[in-house]
Structure formats: C-alpha cells, structure tokens
Amino acid sequence: MMRIPLAAMIGLFFTALYFLGAIFAGWIAPYGMAEIVGDSWEPWSATHLLGTDSIGRDLLSRMIFGGQTTIFVAAAATVLSFTLGSSLGFLAAVRGGWVDQLLSRGVDLVMSIPSLISALVVLSVMPVTLPILILVMGLLDATRVFRLSRAVAVDITVMDYVEAARLRGERQLWIIFREILPNALSPLIAEMGLRFIFMVLFISTLSFLGLGIQPPLADWGGIVKENKEGIVYGIPAALIPAFAIATLAISVNLVADWVLTRTTSLKGGRGG
Amino acid sequence: MVHPVIKLVAQRLALGLLLLLAASVLIFVGTQILPGDVAQSILGQSATPESLANLRAELGLNDPPVTRYFNWLLAAMQGDLGTALTNGQDIAQAMGKRLGNTLFLAATAAVIAVPLAILLGLIAVRYQGRWPDKVISTVTLATVSVPEFLLGYILVYLLSVKLRLFPSLATIYDTMSLGEKLYAISMPTLVLVLVVLGHMMRMTRAAILNVMQSAYVETAELKGLRPFTIIARHAFPNAIAPVVNVVMLNLAYLVVGVVVVEVVFVYPGMGQYLVDHVSKRDVPVVQACGLVFAAVYIGLNILADVISILANPRLRHPK
C-alpha cells in the first residue's frame, strides 16, 4: 500500500479542486460570466461572495469561468508541448547523427530568444485567438521539453535492454514507445507539472498585457487587467487572481515534487 | 601559441555573433512569412484593396523575402531601424531614451538583488535545514510562484495605497535628479528584486551545496574551521563559476521581467514600447525591439560563459 505524504495530499486536494472547478464551471458559478448583476466594485457580501468587478459582474463567477479558460488553455498548450517536445527529443536521442544535430541546434536557436519576446513578436502579426495562443505557447515551450526528454532518453538508449531490442531487430518506433517511453515517464510527468504552471503564468501574463485571451471571455490575467484601476482606491479585486494562481502553482509543485521523489526512490528497488 | 583561454573566449564570442544573426533571421521570419499577409493582418479583413496595395509597397512586401531580410539587417547594423508604421517616427531615436530608462531600472534592480541573493544563499547553506534556511526558502518560493505583474499589484496595494510609502506609478523625466529618479522607480525595482532574488538565491544555494559535498570541504571541517569560514573561503571560490552563471541567467531573466513590470508601473521603457506596438500591430517596431531584447539576452548568456571560463583556474594556468 502506498502512503501519500501530507504535503502531496494537500497538493493533490487543491489541484483536484481547481480542475473540478474548471470542468464544472457552468454548474458551480452563481451568475453568468458576462452578466452584469450590480454596481461596480461592490464589497464582499452574501449575494456576491467576492464582490463585483469594474463593471458590476460577479467576481466569484468571473474567477470560476476565468479558471476554466486559464486551465484549459494552459493544459492544451502543455499537452501540445509534451507530445511534440518529447517525441522529437526521443527521436533525436535514438537516431543521433545529423537528425540530433539539426533538432538540437534549432532548439538552441529558439531558446536564445526569451519566450515572452518570441510570443510577442509572433502575436504582433497573428490574430489573437485561442487556437493560435495554444499553438504559440505550446511550440515555444516544446523546446524546453525537447531538451529534457532528449537528455533523459540519451541515458536510456545506452542501456543493455535497448541494445538487446536493437539486436532483436525492433523498429525505431517500437524502441521509442516500448523501451524508452516507460522508463522516461516519471521525470517527464514531474516536469509536466512545472511546465503546466509555467503555462498558467505565461497565459496570465499575455492576457494581462492585453495580448492573450480577449474579452468578454474571462481569464485570471484578464481579471487583473480589468480591475487594476481599483487598486489605487484600495479595492483588492485585482489581487484575487494572485491568490488563485499562487495556490494552484504551489499545489501542483507539491504534487510534482512527490512524483519526483517517489520515482527516485523507486530506482533503489521496486516495491520497497 | 595563443593562450587557450583567449581561443575559448574568441570561440564563444564568435558563437554569440552567429547566434544573434540566426536570431535575427528567426525574428524576421516570425513576422514576415507567416500564413497570410502582414499587410492584411495589420489592416484587418475590411481593408480596401488600394490601402492593402499601398501598405504592401510601403513595407516593401513586393520584394522577395530574402532581399527584404538583407535590406532590414544591413540597415539595422548601421543603426537605422526603420520608421514606425503608426506615427512615422524614427524607431532608433524613439528607442534610444527608452533603452536607457530600461537599463537604468534593470541595473538598479541588479545592484540590489545580486549581493543580497548571494548573501542569502550563503546564510541558507550555513543554516541548512534549520529555521533561517526554511524561512528564506519558503519566502522565495512564494515570490517565484506569483507572476511579476501580480507581485507588482500586491506591493502597490500594500506599500503605496495602504502605507503610502512609495509612488504607485514610476514616471520619470530628464529634469529629475538621481535621487528623485531612484525614488520614482522604487516600486518597480522592488518587484524586480523580489522576482529574481528568489530564483537567484535558490540556484546559488544549490550551487554551493553541490560544492559542500567535496572532499576539501570535509577536510576544512575536520581542521575545525568555523562553518562560515568554510563556506566563504573554501566553498564559495569554487562555486563562483556556477554562481556567476546563475547571476547572468537571472539578469537575462530580468530583461524579460522588465517588459511586464514596466507595463504595471507605466514606466517609459523598452518593454512598454514593445507591448504598445504589438497591440497596434506595428511590425517594424516589434522587429526592432525583438532584435534589441534578443541581443541583450544573448549577450548576457555569452558573458556568463566567458566569465565561467575565466573563473576556471585549470583553463587560466594550462600545464
């Protein structure tokens, strides 16, 4: 029976809470996303638990729907970056030679420009829509995943069992999916948590700059942008997303940490 | 025979130039040869064919892409970054002062953050696993878990609105004295310091802890030296190369953090210039800003490489 440490339990609990909130946003949210239900910046009350925003929409509902958008975009971009980054990384490690050189130097080049700057450059000519945002974020982040999965896979390709599979005459795809992938999975899953958080921060930053998710769709970065004027008058509406992002980031980190330590201890001996 | 260090440094510099050249290609490709047409996406779907043709001619879109790239690159190397589409101003001129402002902000933050991060890293290692280490680690974990712009607003809420200590907007003019300027940028500086401090301190701590496992540190311990002397005299000099790398990586990170922080505090720097013109779809300005940011970023990374080469005594004094 596996024991889950307390920190990881807390992390799992809050991560699950956020994801459930995102999936069932339509049922949980007390009001509609763009429904104007009161005056601007009403204080916290029984009818509006977190008060209202700059134009009188219920802030709790905006936060729930915003979480849905933020988490959906971040998750989609993470899936894209992992699928692309790890397949190319494994391919580079298995094939070696010019394929490896070409991919690795290409990744070096993309990483030589900060990803926020690259994203801004590309978004200056592309229409800012959800699929484009996911694509841009996923592609830029795939470079980081590529580096990690290539490094992990290079260590695995020199193992005896990979050699044995090669001598058996297995095809390259078989080696990638049946020999390397199962052995590289745990560090990749831990990394996936960190990349997901990075994506949440990335999309929030873009939305805050006005170049991410466009109104009337809500998202956490956008909520800050819409309510930032209130801060000068002492209205903390813009700070609520800070709390949401920070707790989500910390809980996912706790889970990722646990996955990583659990798998490093596995190396000593399974079932121990 | 050329000293091996000079050869290595020269190689690094050449590699940096090559990388910058390749990055310029990437920035150019990113804005020009995307599906569709730049002129179309600037003017939108409702544009008339005449205005599209005019804009295409103005942007030189009728030339082949390779010609356009070399025209752009050659002009940029002579300091001519073109003119902005939105107001027809010379980009290099508009950028000059803003670049100065941005570097002023980033440098102030770096001057505070670097020594502080290294000191905190040393303290965390000295009291590893005990409360000073835990307090430092928890606080820095909290600051790196929140994006820059939110950290900015939290600090504005606490320090500017509730306590009225610092100005919530960082407006600076030429006529201000240095002291006034420093006071004006106190909030953005604080945010930048907190953001990089977390990363830098954690990486410094890891780098020194790594060195602490070496045999000579154990020897020093067995000699009976005080823990802080061991760290400062034996561990730290050997951790310089990784620590310098950490510092440089974070300074490069600072360059990006500046973009967001400038928008939060309405600071007249490069970041705000870039973001403004991305939403206006002013391609020449975005390209120029992208190039400058990439140059600074690559430059700092190369500098980190060079310093860690120079910090390695085995390379400095070859057999």
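Predicted model: local features only at pLDDT ≥ 70, side-chain atom pairs only at ≥ 80, totals over all residues.
Colleague: Start with chain A. How many helices and how many strands does chain A have?

Modeller: Chain A has 10 helices and 0 strands. Along the sequence the pattern reads α-α-α-α-α-α-α-α-α-α.

Colleague: And what share of chain A is buried?

Modeller: Buried residues make up 46% of the 272 residues in chain A.

Colleague: What about contacts between residues at least 6 apart in chain A?

Modeller: Of those contacts, 67% join residues at least 24 apart in sequence.

Colleague: Let's look at a helix pair there. At what angle do α3 and α6 of chain A pack?

Modeller: About 35 degrees, with the axes 5 Å apart. Helix α3 of chain A covers residues 59-95, and helix α6 of chain A covers residues 130-157.

Colleague: Is that crossing of α3(A) and α6(A) left-handed or right-handed?

Modeller: The crossing of α3(A) and α6(A) is right-handed. By class, their contact has 20 nonpolar, 7 polar and 2 charged residues.

Colleague: Switching to chain B. How many helices and strands in chain B?

Modeller: Chain B comes to 14 helices and 0 strands. Buried residues make up 37% of its 319 residues.

Colleague: And what share of contacts in chain B with a separation of 6 or more comes from residues 24 or more positions apart?

Modeller: In chain B, such residues account for 70% of those contacts.

Colleague: Now the two chains together. How many residues of chain B are in contact with chain A?

Modeller: There are 38 residues of chain B in contact with 35 residues of chain A.

Colleague: Which elements of chain B give two or more residues to that side?

Modeller: α1 (4-32), α2 (38-43), α7 (148-162), α11 (227-264), α12 (270-279) and α13 (283-310) of chain B. By class, the side of chain B that touches chain A has 30 nonpolar, 7 polar and 1 charged residues.

Colleague: Pick α7(B) from that list. Where does α7(B) bend?

Modeller: α7(B) bends at Val156(B), by about 30 degrees.

Colleague: So what span should the 15 residues of α7(B) have, and how far apart are its end C-alpha atoms?

Modeller: At 1.5 Å a residue, α7(B) should span 21 Å. The end C-alpha atoms of α7(B) are 20 Å apart, which agrees.

Colleague: Which residues of α7(B) are buried?

Modeller: The buried residues are Glu148(B), Phe149(B), Leu150(B), Leu151(B), Gly152(B), Tyr153(B), Ile154(B), Leu155(B), Val156(B) and Tyr157(B). Val156(B), where α7(B) bends, is one of the buried residues.

Colleague: On to Phe236(B). Where does Phe236(B) lie?

Modeller: Phe236(B) lies in helix α11 of chain B.

Colleague: Why does Phe236(B) count as partly exposed?

Modeller: Phe236(B) has 19 C-beta neighbours inside 10 Å, so it counts as partly exposed. Buried would take 20 or more.

Colleague: What does Phe236(B) touch, leaving out residues up to four places away in sequence?

Modeller: Phe236(B) touches Ile208(B) and Ile231(B).

Colleague: And how far apart are Phe236(B) and Ala117(B)?

Modeller: They are 119 residues apart in sequence and 13 Å apart in space, C-alpha to C-alpha.

Colleague: Last one, Val266(B). What is the phi of Val266(B) near?

Modeller: Near 50 degrees, a positive value in a residue other than glycine. Val266(B) lies in the loop between α11 and α12 of chain B.

Colleague: Is Val266(B) buried or exposed?

Modeller: Val266(B) is exposed, because 12 other C-beta atoms lie within 10 Å and the cut-off for exposed is 12 or fewer.

Note on methods
Residues numbered from 1 in each chain as written. Chains lettered and ligands numbered in written order. Axes fitted to C-alpha atoms, helices over the stretch in contact; angles between N-to-C directions. Helix = DSSP H or I, 4+ residues; strand = E, 2+ residues; numbered from the N terminus. Left-handed = near helix turned anticlockwise from the far one by under 90°. Nonpolar A, V, L, I, M, F, W, Y, C, P; charged D, E, K, R; others polar. Contact = placed C-beta atoms within 7 Å. Expected span 1.5 Å × (residues − 1). Bend = angle between axes of the 7 residues up to and from the residue.
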